Amino acid sequence: MARRYTRRALTILPALALAVTAAGCAESVNTGADTQAGGQITLKEAGKLTTCTHLPYAPFQFTEGDKTVGFDVELVDLVLPLVGASEQKIFDTPFEGIKSGESLNIGQCDVAAAAMSITPERQAVMDFSAPYFNAKQALLVKKGSGLDSLEKLRGKKLGVQQGTTGETYANENKDKFGYEVIQFEDLALEQTAVQTGQVDAGINDDVVLLDFLKANADVEVTATFDTGDNYGIAVKKGNGALLAKVNEALTKAKSDGTYDKIYEKWFGKKPTA
């Protein structure tokens, strides 16, 4: 897809190297547990806000050249001046570790922003900001396949991304509709599997699948499922000081029009009420 914008350069940290570093210093990093709004904020690295995410997940976060860009990236940038940081650092890590809260618990990052839906299970292991995006699940298939419902997948293979609400929704309905669930580690692998016929269809958030269609004319989205997904930015459980600043940034962005501008930049339309 064409990108015409100048964006902040973000340092992409090699996952293995940073994981080793994080594991070695996790005990000495004050990640802000048991803090209150207005309290002192201690970042993983002074002057830098480190964000855990899982790439690619366009248009929320993905690599463009040597930069990580996207909707979530720009929203987290708004938090920087509120926490005394001048730079956002992206840590690309498996989504399973993010959604379990482990990435935050061992000090790999200060916040997690990965187009992550707020669920009761995730709220039990991390704290979320106010919702900043609403999403549905959608069905990606080869163009002309005629597969436009879960019912038509009976006896077929449905691809899912590991650890996502799409995977949960697929598993909840597999016995009813009689399809086989095939798991993939990331979105790109799932999308490729649909294109190459490894699976008959794939389910994931509607926005990322619709974005994929722009450069891939051989596939289409034939159905959407309203699952009530709301995305949130997460912090370590109990880190009230940092969470308050994240919410402050989101509230200000929505009130002064900044959120609308970022939304329109990445989705080509203004957000609905």
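Q: In this predicted model, which residue of E11 is the bridge partner of Leu158?
A: Ala201 of E11 is the bridge partner of Leu158.

Q: Why are E10 and E12 called edge strands?
A: The open sheet has five strands in the order E10-E9-E11-E8-E12, with mixed pairing. Strand E10 (180-184) and strand E12 (219-231) each have a single partner strand, so one side of each lacks a neighbour in the sheet. On average, neighbouring strands here are turned by 25° against each other, direction ignored.

Q: Which strands does helix H6 lie across?
A: Helix H6 (residues 165-177) lies across E8 (133-142), E9, E10, E11 and E12, and runs at about 150° to E9. Helix H7 (residues 187-196) also packs on the sheet, touching E8, E9, E10, E11 and E12, with its direction at about 150° to that of E11.

Q: How do you know that E2 and E5 pair?
A: The threshold is at least two bridges. Six bridges join strand E2 (residues 48-53) to E5, and the two run parallel, so they count as paired. Among the bridge partners are Cys52 and Phe91, the latter in E5.

Q: Why is strand E5 called mostly covered?
A: A residue is buried under 20% relative accessible area. In strand E5 (residues 87-92), five of its six residues are buried, so the description follows from that cut-off.

Conventions:
Residues numbered from 1 in each chain as written. Predicted model: local features only at pLDDT ≥ 70, side-chain atom pairs only at ≥ 80, totals over all residues. Heavy atoms only, no water. Helix = DSSP H or I, 4+ residues; strand = E, 2+ residues; numbered from the N terminus. Axes fitted to C-alpha atoms, helices over the stretch in contact; angles between N-to-C directions. Contact = heavy atoms within 4.5 Å. Buried < 20%, exposed > 50% of the residue type's maximum accessible area, 1.4 Å probe, protein only.
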